[in-house]
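Please examine the sequence and the structure shown below.

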Amino acid sequence: MGVATLYIKPAFEAKPLAPLPGLGHEVPMHEPLPRLRRSVLYVPASNEKALMKSASLPCDAVIYDLEDAVGPEEKTAARERLRGFLTGPSRPRCEVVVRINPLLSEWGTEDLLATRAARPDAILLPKVDGPRDVLDADAALDETDAPRSIRLWVMIETARAVLNVGAIAELGRDPAARLSCLVAGTNDLAKETRVADRQNLKPWLMQVVLAARAGNVTALDGVSNDFRDLNAFGHECAEARAMGFDGKTLIHPAQIGPANSVFSPTANEIAEAEAIVAEFAKPENRHRGVIAMKGRMVERLHLEQAEALIKKASKIEEKGE
């Protein structure tokens with residue numbers, strides 16, 4: 001059986017970006033409401049036991065990995081195993097993402113074709129250096145008539161990706177580009193830059209968050225390697241939430257509970273949000289831009305934040321948590 005080939009259109013042939021909205025106008029989101037991505041678990045596609053277990057885990061999303069977690073000699077078998085799993089009855093109900101090998105690698109084209117056939121919610125692109133890599137993947141998906149529901153996630157794990165993260169995230173303003181999420185690849189980034197401590201990565205992680213907010217896509221923090229130290233993991237989650245990340249990528253099921261807890265609104269936060277919404281709903285405040293609550297100035301931007309938090313809390317409640 002011959003190896004399938006797929007023409008990857010160069011970026012300059014890809015469809016142009018839609019004009020950016022003017023100042024003061026809302027930027028359209030890909031989804032009506034962002035999906036919960038508090039806990040996103042990597043699962044090796046080569047591990048059949050892990051594949052079957054993933055269907056019953058309470059994480060918000062699973063990234064089935066065909067890249068780093070799978071050795072060269074296992075990649076073909078892992079790809080076919082994953083295709084069978086995702087098209088079978090055991091496919092999980094949570095958001096399903098597949099990390100393929102780089103498109104220009106010897107496995108990239110076959111990974112893309114097999115993954116497209118399995119219809120995941122998103123494809124995670126590794127080793128992205130700039131927006132051209134995203135546009136090429138989008139063009140390749142369009143060539144296969146892939147449904148627009150298949151989004152693209154991007155690993156920010158190289159020095160060039162950090163330098164270009166603003167331009168990459170800008171694609172989130174164009175629904176045709178499919179971009180939906182930025183994923184910090186802290187291990188690869190530390191290796192490439194020779195940075196020894198996570199604290200020294202923080203300025204770059206903040207750039208990822210800032211770019212994600214500007215591009216209206218979600219941002220996920222990198223993994224915590226010591227899955228046995230859940231106290232340290234919880235601290236990293238709290239740190240990531242304070243930096244503005246939407247969730248964290250995980251390497252072990254034991255990390256799901258702590259991640260879900262930290263990235264969920266607390267009871268006090270929900271109560272405060274509901275109070276803000278109720279206060280602005282009063283007839284005398286309905287048209288005001290600023291009100292006072294308990295000696296504190298509250299603006300309509302706080303109302304927007306409160307409404308978003310309540311919607312997130314509602315989604316979590318729908319999951320039965």
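A crossover is called right-handed if, with the strands pointing away from the viewer, the path from the first strand over the helix to the second runs clockwise. Helices (H or I, at least four residues) and strands (E, at least two) are DSSP runs, numbered from the N terminus. The model is predicted, so that local features need pLDDT of at least 70 and side-chain atom pairs count only at pLDDT 80 or more, while totals for chains, interfaces and linings use all residues. Residues are numbered from 1 along each chain as its sequence is written, and side-chain values use heavy atoms, with hydrogens and water left out.

The overall arrangement is a closed barrel of 8 strands in the order E1-E2-E3-E4-E5-E6-E7-E8, with parallel pairing; two strands pair if DSSP finds at least two bridges between them. From one strand to the next, the twist averages 25°, where axes are lines fitted to C-alpha atoms, for helices over the stretch in contact, and angles run from 0 to 180 degrees between N-to-C directions.

Why is strand E3 (residues 95–99) described as largely enclosed by the rest of the structure? The reason is that 5 of its 5 residues are buried, a term that means under 20% relative accessible area, with exposed being over 50% and partly exposed in between (1.4 Å probe, protein chains only). Glu-95, Val-97 and Arg-99 are buried on one side of E3, and Val-96 and Val-98 are buried on the other.

Strand E2 (residues 61–65) pairs with E3 in the parallel sense over 5 bridges, and Val-62 has Val-96 of E3 as its bridge partner. Together with helix H2 (residues 75–86), E2 and E3 make a right-handed β-α-β unit. Strand E4 (residues 122–125) runs parallel to E3 and is joined to it by 3 bridges, with Val-97 standing opposite Ala-122. Here too a right-handed β-α-β unit is made, by E3, helix H3 (residues 108–118) and E4.

Within E2 lies Ala-61, which counts as buried because its relative accessibility is 0%. Apart from neighbours within four places in sequence, Ala-61 is in contact (heavy atoms within 4.5 Å) with Ser-39, Val-40, Leu-41, Cys-94, Glu-95 and Trp-153. E4 and E5 (residues 151–156) run parallel and are joined by 4 bridges. Helix H4 (residues 131–143) packs on the sheet and touches E4 and E5, its direction making about 155° with that of E5.

Strand E6 (residues 179–184) is joined to E7 by 3 bridges and runs parallel to it; Leu-182 stands opposite Ala-219. On E7 and strand E8 (residues 247–250), 2 bridges make a parallel pairing, in which Leu-220 has Gly-247 as its bridge partner. The chain passes from E7 through helix H9 (residues 230–243) to E8 in a right-handed β-α-β crossover.
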